[in-house]
Amino acid sequence: MKIIVLGPPGSGKGTQAVRLGKYCRVPHISTGDILRQLVKGKTFLAKRVKSYMNSGKLVPDRIIVDIVSGRLAEKDAKKGFVLDGFPRNLNQAEILEKLAMVKDKPKVFNLKASDKTLVKRISGRRVCGSCRANYHVEYNPSKIMEKCANCGGSLYQRDDDKPQAIRNRLKVYKKESRPLVRYYAKKKMLVSINGEKTEKEVFSSLIKHLKK
Ligand code: AMP
């Protein structure tokens, strides 16, 4: 099972991609998570990548393609995967097609939501620094004040979830990533899903389409 989850920041693609990975028993591969791990280091590359991410810009294709092709070549990804955050532009989509391990067509889901919903969701998002669990100050607060209910880790707001970066990320999404919707629609690979609904409802729609 090979799945690509598309959608603007805040559309819930990360949450749904995790659930799809578990459901299909294939690895969930999030380029955002891989990059956030990478920028914890003190290397020159880490510093460079961090400056792109914090301002809401896309990391250069050369860097991201190396990361993704390495990850897809790992043994666990042979049986399938859920890609979350990749591809993010047309060039990346074309490269993905050329990667030998993605020859057969993946299923592409596009989660749709209005800008108003996206901004509200992103600005209230809090992430656990230890286990990466996601919360929302309003819709899904942790039961423990500012701590993760799963592991007790501290919750923080991602730098790129702050107002200026959110505006940039939405702008970058519209210019760079939204053309992917037409690209995959033309190839008859796209299934659009209403991402405004609850997490449970969105997941049910995804599963319904997977079973078709
Ligand atoms: P995400 O967690 O998917 O929202 O990604 C967070 C940030 O990581 C993005 O705003 C980009 O700066 C960077 N990033 C993630 N995936 C990609 C990608 N495929 N291409 C370029 N940059 C990416």
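**Ligand surroundings and nonpolar cores**

Around the ligand sit 17 residues, and T31, R36, K57, G85 and R88 come nearest (a residue is near if one of its heavy atoms lies within 4 Å). The model is a predicted one, where local features need pLDDT of at least 70 and side-chain atom pairs count only at pLDDT 80 or more, while totals for chains, interfaces and linings use all residues. Residues are numbered from 1 along each chain as its sequence is written, and side-chain values use heavy atoms, with hydrogens and water left out.

Sorted by class, the shell around the ligand holds seven charged, six nonpolar and four polar residues, with Gly counted as polar. Helix α2 (residues 31-38) supplies the largest share, four residues; helices here are DSSP runs (H or I) of at least four residues, and strands (E) of at least two.

What about polar contacts, meaning pairs of N or O atoms within 3.5 Å? A backbone N or O atom of K57 is 2.5 Å from a ligand oxygen. A ligand nitrogen lies 2.8 Å from a polar backbone atom of G85, and a nitrogen of the ligand is 3.0 Å from a side-chain N or O atom of Q92. The ligand alone exposes 480 Å², and the protein buries 97% of that (Shrake-Rupley method, 1.4 Å probe).

As for nonpolar cores (buried nonpolar residues, under 20% relative accessible area, joined through side-chain atoms within 4.5 Å), the largest has 26 residues, and L96 and Y184 touch the most other members. Helix α4 (61-72) gives the most to this core, six residues. Apart from it lies another core of 16 residues, including I3, A17, F203 and I207.

Technical notes: A polar contact is a pair of N or O atoms within 3.5 Å; within protein, one must be able to donate a hydrogen and the other to accept it, and residues adjacent in sequence count only if both atoms are side-chain atoms. Buried means under 20% relative accessible area, exposed over 50%, partly exposed in between (1.4 Å probe, protein chains only).
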